[in-house]
Amino acid sequence: MTTKAKSRILDAVHETATDLHRLGFIDRRKQQKLDILCLEPIPPYDSARIRALREHLKLSQTVLASLLNTSPSTVRKWEIGEKHPSGPSLKLLDLLERKGLEAVL
């Protein structure tokens, strides 16, 4: 995971824990708890931010929905403010914004 840590110390702790998890010394549940403690939360995405990101990437609502594994009506509702992305969709939006389209293709 390449999200930004809250501090340099927490970054070092997270990197060490990730290596220990990869080697089998830390189980997935403990690694997830450390992710929550060490990493900054993903900021919320409002309707204007989602629309701006989609337009910046030159994607239609349907194509963005396909990339996020959601329905076009959900993307429409995000963009008019009826709903807000959460869970995996929120993480993928953050990844798209930080790393670009190539990161999710």
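1. Asn 69 is exposed, with a relative accessible area of 74%. Exposed means over 50% relative accessible area, buried means under 20%, and partly exposed lies in between (1.4 Å probe, protein chains only). Asn 69 is found in the loop between α4 and α5. Its phi is near 55°, a positive value in a residue other than glycine.

2. This is a predicted model, where local features need pLDDT of at least 70, side-chain atom pairs count only at pLDDT 80 or more, and totals for chains, interfaces and linings use all residues. Residues are numbered from 1 along each chain as its sequence is written, and side-chain values use heavy atoms, with hydrogens and water left out.

3. Lys 58 also has a positive phi, about 60°, and is not a glycine. Its place is the loop between α3 and α4. Lys 58 is exposed, at 73% relative accessible area.

4. Helices (H or I, at least four residues) and strands (E, at least two) are DSSP runs, numbered from the N terminus. Of the 105 residues, 28% count as buried. The C-alpha atoms fill a box of roughly 45 × 25 × 25 Å, taken along the principal axes.

5. Now the core. The largest nonpolar core has 13 residues; Ile 50, Leu 64, Leu 68, Trp 78, Leu 93 and Leu 96 touch the most other members. Helices α3 (47-56), α4 (61-68), α5 (72-80) and α6 (87-99) each supply at least two residues of this core. Such a core is a set of buried Ala, Val, Leu, Ile, Met, Phe, Trp, Tyr and Cys residues joined through side-chain atoms within 4.5 Å.

6. Which residues does Trp 78 contact, leaving aside its neighbours within four places in sequence? They are Ser 47, Ile 50, Leu 68, Thr 70, Lys 83, His 84, Pro 85, Ser 89 and Leu 93. Contact means heavy atoms within 4.5 Å.

7. Helices α3 and α5 pack at about 125°, with axes 6 Å apart. That makes α3 oblique to α5. Axes are lines fitted to C-alpha atoms, for helices over the stretch in contact, and angles run from 0 to 180 degrees between N-to-C directions. Angles under 35 degrees count as roughly parallel, over 145 as roughly antiparallel, 65 to 115 as roughly perpendicular and the rest as oblique. Ser 47, Ile 50, Arg 51 and Arg 54 of α3 meet Trp 78, Glu 79 and Ile 80 of α5.
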